[in-house]
Amino acid sequence: MADELEEVQRLVETIEAFEAIEDDEACAVAVSQALAQWPDHHSRLRELRQRRVQALKQQGRTWAEIGQLLGGVTPARAQQIGAGLSGASRKKRQQAGE
């Protein structure tokens, strides 16, 4: 975890805190509450990443550079992220024949 950003470390520590709850009922309730809110947070994170990727591109970064920053994704995937395309939306487009 040494090379992770502080915010990522805090998220991992939060998950570990759930795991450390000894009472099964309390743990199940806490995790269920977090998961119930996750879809909204997941969408917010995706949108935030998309905006920041677009900003990097506007600053002159190449798709290859952005892909490396995002953990070694391909330039094509970095471009898709900048366009707001998720795996699910890419699959829908492929099924529709686009």
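Select Glu 22, Asp 23, Asp 24 and Glu 25: together they form a negative surface patch. Asp and Glu count as negative, Lys and Arg as positive, with His and the chain ends not counted. Patch members have over 30% relative accessible area and no salt bridge; like charges are joined within 9 Å, and nonpolar side chains (Val, Leu, Ile, Met, Phe, Trp, Tyr) within 5 Å. A salt bridge puts a side-chain nitrogen of Lys or Arg within 4 Å of a carboxyl oxygen of Asp or Glu. Each charge is placed at NZ of Lys, CZ of Arg, CG of Asp or CD of Glu. Accessible areas come from the Shrake-Rupley method with a 1.4 Å probe, and for residues only the protein chains shown count as cover.

Two notes on the model. It is predicted: local features need pLDDT of at least 70 and side-chain atom pairs pLDDT 80 or more, while totals for chains, interfaces and linings use all residues. Residues are numbered from 1 along each chain as its sequence is written, and side-chain values use heavy atoms, without hydrogens and water.

Stay on Asp 24. This residue belongs to helix 2, residues 24-58. Helices are DSSP runs of H or I with at least four residues, strands are runs of E with at least two, and numbering starts from the N terminus. Is Asp 24 buried or exposed? Asp 24 is exposed, because its relative accessible area is 68% (exposed is over 50%, buried under 20%, partly exposed in between).

Next, select Leu 35, Trp 38, Leu 45 and Leu 48. They make a nonpolar surface patch with about 380 Å² of accessible area together. Trp 38 sits in helix 2. Its relative accessibility is 37%, so Trp 38 counts as partly exposed.

Move to Gln 50, also in helix 2. Which residues does Gln 50 touch, leaving aside neighbours within four places in sequence? Ile 81, Gly 82, Ala 83 and Gly 84 are in contact with Gln 50 (heavy atoms within 4.5 Å). Draw a distance from Gln 50 to Ala 83: their C-alpha atoms are 7.1 Å apart, though 33 residues separate them along the chain.

Now pick Ser 86, in the loop between helix 4 (75-82) and helix 5 (87-95). Ser 86 counts as buried because its relative accessibility is 17%. Beyond four places in sequence, Ser 86 contacts Arg 46 and Arg 77.

Finally, zoom out. The chain has five helices and zero strands. Of its 98 residues, 10% are buried. The accessible surface is about 7700 Å², 52% of it from carbon and sulfur atoms.

Terms used. Buried < 20%, exposed > 50% of the residue type's maximum accessible area, 1.4 Å probe, protein only.
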